Amino acid sequence: MRKIIIAGNWKLNKTSQEAIELVNSLNRELVDVTSVDIIVCPPFTALTEVSDVLTDSNIDLGAQNLYWEDSGAFTGEVSAPMLKAVGVRYVIVGHSERRQFFGETNVTVNKRLKSALRHKLIPIVCVGENLQEREANKTFDVIRDHVEGSLAGLSAEEVKGLVIAYEPVWAIGTGKTATSAQAQEVHKFIRGLLARMFSEDVAQAVRIQYGGSVKPENTAELLGQEDIDGALVGGASLKADSFSAIVKNSVSVTTK
Ligand code: PGA
């Protein structure tokens with residue numbers, strides 16, 4: 001059984017004060033929702049304040065990145081123990097914006113992933129092709145490369161607990177959503193890969209989110225697909241009404 005999981009990736013948005021206002025509204029709007037896992041991922045600077053507001057809430061806290069060493073001379077970085085200490089439970093790893101603008105590779109994604117797992121954080125590992133790659137019919141090659149490279153050396157038990165987000169780069173922040181059929185095709189491919197790399201049992205346990213211009217209007221259609229177990233939401237997670245509507249529209253989808 002896979003429980004639906006909806007996560008908001010706030011990216012480089014929201015001061016602490018703005019973050020507090022947003023989670024206060026989400027707490028009010030979503031207090032009754034228990035059938036869906038709900039996560040917000042504010043910037044590092046707002047984690048402590050948001051964590052306080054989420055005490056006793058059904059909404060969980062996530063971070064947007066982490067460094068793989070626990071401590072040391074790594075100016076500007078933040079580690080898993082630091083995130084744990086402020087109440088973080090989930091962490092996004094390998095988002096395409098990190099791959100695109102900050103030199104992230106499968107090798108560094110893999111190191112971050114191992115550190116997150118060592119410290120019992122739940123990683124949300126992002127994979128996805130860009131437009132050029134899709135148009136050159138390389139989507140499945142890129143996804144295989146991202147999945148195999150990112151998960152290299154992990155045990156079946158470790159992989160079972162993590163979340164994968166399929167985010168076609170051409171659909172992120174563009175308003176251009178993959179069709180539910182396009183998304184389902186890749187999700188199914190990822191699940192097949194996991195079965196071959198680990199086992200059928202692992203493949204059936206891993207939750208695979210779709211990300212890329214998810215909005216209240218397309219949530220139910222996307223989540224209605226057999227292998228789509230949730231959403232990683234960027235732009236529409238910055239407003240309480242649209243993020244709450246996405247969560248509420250996913251409630252009608254039965255657990256997979
Ligand atoms: P978007 O971003 O919903 O704004 O397209 C999704 C993401 O990058 O996680």
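Me: Why is R144 called partly exposed in this predicted model?
Reply: R144 has a relative accessible area of 32%. Partly exposed covers values between the buried limit of under 20% and the exposed limit of over 50%, so R144 at 32% belongs to that class.

Me: What makes the contact of R144 with D141 a salt bridge?
Reply: The N to O separation is 3.6 Å. The criterion is a Lys or Arg side-chain nitrogen within 4 Å of an Asp or Glu carboxyl oxygen; the pair D141 and R144 therefore qualifies. Both residues lie in helix α7 (residues 139-150), three residues apart, about one turn of the helix.

Me: Why is R118 called exposed?
Reply: Its relative accessibility is 52%, and exposed means over 50%, so the term applies to R118. D70, with which R118 forms a salt bridge (3.9 Å, N to O), links a distant part of the chain to R118: D70 is in the loop between β3 (59-63) and α3 (80-85), R118 in helix α5 (residues 106-118), 48 residues apart.

Me: How do you know whether R2 and D229 are buried or exposed?
Reply: R2 has a relative accessible area of 4% and D229 one of 0%. Buried means under 20%, so R2 and D229 are both buried.

Me: What makes R2 and D229 a salt-bridge pair?
Reply: Their closest N and O atoms are 3.0 Å apart; that lies within 4 Å, so the pair meets the criterion.

Me: Which residues are linked with R2 in a network of salt bridges?
Reply: The network links R2, R191, D227 and D229.

Note on methods:
Residues are numbered from 1 along each chain as its sequence is written. This is a predicted model: local features need pLDDT of at least 70, side-chain atom pairs count only at pLDDT 80 or more; totals for chains, interfaces and linings use all residues. Side-chain values use heavy atoms; hydrogens and water are left out. Buried means under 20% relative accessible area, exposed over 50%, partly exposed in between (1.4 Å probe, protein chains only). Helices (H or I, at least four residues) and strands (E, at least two) are DSSP runs, numbered from the N terminus.
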